Amino acid sequence: MAKTQLPKLDTLSMVTMGLLMALQLVISRFSIGNNFIKFSFTFLIVALLAKWFGPWWGMMTAAVVDVVGTLMTGGPFFLGFTVSAILGSLIYALFLYKQPVSWGRITLASVIIAVVVNAFLNTLWVTIMYRTPFWSLLPLRVVKQLIVTPIQIVLVYGLLKSRVIQTIQERLNR
Amino acid sequence: MSNFIFGRYLPLNSIVHRLDPRSKLLLSFCYLIVVFLANSWLSYAILIGFTLAAILSSKISLGFFLKGLRPMLWLIAFTVVVQLLFSPAGGHVYFHWTILNITQAGLVNSGVIFIRFLLIIMMSTLLTLSTQPLDIATGLSSLMKPLRWVRIPVDTLAMMLAIALRFVPTLMDEATKIMNAQRARGVDFGEGGLIKQAKSFIPLMVPLFMSAFNRAEDLSTAMEARGYRDSEHRSQYRILTWQRRDTMTWIVFLMVVATMLATRRW
């Protein structure tokens with residue numbers, strides 16, 4: 001059998017990833033906003049997994065959580081959304097993994113995800129899946145991203161800079 | 001919290017419930033592709049028939065399926081209306097005003113899209129309602145096995161998933177407890193503007209992270225104490241068995257697909 005080329009995980013890292021996945025499934029149930037704009041905080045966990053464990057583990061856990069999450073909430077499963085989830089995690093990891101936390105990095109990562117993944121790709125998937133007219137749906141989604149992205153940037157920065165996360169990171173590396 | 005993930009499974013004892021989770025997962029995946037391929041009225045009728053038969057044989061009442069539609073309602077309505085108003089010219093024109101016109105082609109298109117939405121959502125709801133989360137996870141990790149050949153650590157991922165599923169209810173309880181505790185101290189969840197709402201979640205998220213990590217430390221120590229070293233080189237306790245009803249279901253499904261393809265406009 002082919003061996004995995006990933007660095008071997010210690011048990012603590014593996015279990016932590018499992019618990020973060022659980023947390024992501026839990027958090028996806030809470031959303032804030034009103035009837036027009038709703039968003040949940042799952043991106044925080046995606047960013048954290050990417051920051052701590054890098055692109056490979058980030059992408060794999062993102063894929064698993066996406067598939068399991070949609071299957072268990074009864075949402076229609078579509079491979080495109082899994083691709084989106086993987087890409088989102090990859091982008092976070094490219095900007096955040098083994099890098100100092102900075103406004104520039106987080107802003108750039110969040111903006112790329114908002115434009116490429118959330119606005120463009122996800123609209124494309126909806127279009128393919130349900131034959132929704134792409135060009136009439138896109139503006140709506142872009143407007144949503146314009147409002148949500150700044151909030152996300154601040155929250156990711158706040159989270160990664162927070163004392164709790166730094167403490168945990170030190171304990172993980174010990 | 002009434003629509004919580006783990007509350008969605010309905011423990012009934014029907015043939016659909018007893019199917020192997022792997023075959024259910026694969027079936028609903030293939031079903032999506034099949035819905036993409038349908039394009040004539042007759043082919044849609046066949047798929048509707050199959051879907052209804054699947055729903056009936058699961059003994060789950062239709063109301064649950066309608067509930068599954070609710071979160072998608074705005075998208076369905078939006079799509080159908082846009083499709084109706086901005087449809088290309090074709091067939092009889094019923095209504096015309098500047099760029100808006102309702103044509104026969106538009107009506108047909110909206111109808112088709114509506115049916116498509118229903119079919120896709122109903123089937124995925126059926127999978128959720130008739131399969132336990134743990135079975136979904138076991139089925140998934142079994143279906144992912146071939147990915148080992150492209151060097152994906154399937155066993156480790158399966159282990160993480162098992163841990164994640166085990167801790168979802170625990171963390172959920174914890175989240176509710178923390179929320180109540182913070183409420184008692186004066187935090188208003190879900191009130192005020194977007195930014196204020198986002199801010200109010202910090203007193204929830206931070207303790208939640210800390211407690212999740214504390215649990216992770218405890219659990220990993222306990223696992224190592226019990227002789228856990230890596231995810232490979234282990235045996236399995238939960239074993240899925242493929243039974244005759246799975247084969248039969250697939251035969252029926254393939255027959256339906258064949259008839260659907262035959263009635264499709266090529």
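These questions and answers walk through a predicted model, starting where its chains meet.

Residues are numbered from 1 along each chain as its sequence is written, and chains are lettered from A and ligands numbered from 1 in the order written. Local features need pLDDT of at least 70 and side-chain atom pairs pLDDT 80 or more, while totals for chains, interfaces and linings use all residues; side-chain values use heavy atoms, with hydrogens and water left out.

Me: How many residues of chain B are in contact with chain A?
Reply: Contact means heavy atoms within 4.5 Å. On the chain A side, 67 residues take part. On the chain B side, the number is 76.

Me: What area do chain A and chain B bury between them?
Reply: The size of an interface is often given as the accessible area lost when the parts come together. Buried area is that loss with a 1.4 Å probe, summed over both parts. Here 80% of it is on carbon and sulfur atoms. The area is about 6400 Å².

Me: Which element supplies the largest share of the side of chain A that touches chain B?
Reply: Helices (H or I, at least four residues) and strands (E, at least two) are DSSP runs, numbered from the N terminus. Elements of chain A that each supply at least two residues include α2 (42-73), α4 (103-130) and α5 (134-161). The largest share is 15 residues, and it comes from α1(A).

Me: How many residues on the side of chain A that touches chain B are nonpolar?
Reply: Ala, Val, Leu, Ile, Met, Phe, Trp, Tyr, Cys and Pro count as nonpolar, Asp, Glu, Lys and Arg as charged, and the others, Gly among them, as polar. This side has 12 polar and 6 charged residues. The nonpolar number is 49.

Me: Which residue of chain B forms a salt bridge with R171(A)?
Reply: A salt bridge is a side-chain nitrogen of Lys or Arg within 4 Å of a carboxyl oxygen of Asp or Glu. The rule finds 1 across the interface of chain A and chain B. The closest N and O atoms are 2.6 Å apart, and the partner is E217(B).

Me: Is E217(B) buried or exposed?
Reply: Buried means under 20% relative accessible area, exposed over 50%, and partly exposed in between (1.4 Å probe, protein chains only). R171(A) has 17% and counts as buried. E217(B) has 18%, so E217(B) is also buried.

Me: Which residue forms a salt bridge with R215(B)?
Reply: R215(B) lies in helix α10 of chain B, and its partner lies in helix α8 (residues 154-184), so the pair ties together parts that are 41 residues apart in sequence. R215(B) is partly exposed at 28%. The closest N and O atoms are 2.7 Å apart, and the partner is E174(B).

Me: How far apart do the C-alpha centres of domain 1 and domain 2 of chain B lie?
Reply: The bounds come from an automatic or database domain assignment. Domain 1 is 15-132 + 242-263, and domain 2 is 166-225. Their C-alpha centres lie 38 Å apart.

Me: What phi does K98(A) have?
Reply: K98(A) lies in the loop between α3 (79-96) and α4 of chain A. K98(A) is exposed, with a relative accessible area of 68%. K98(A) is not a glycine, yet its phi is positive, at about 55 degrees.

Technical notes
Buried area is the accessible area (1.4 Å probe) that two parts lose on being put together, summed over both.
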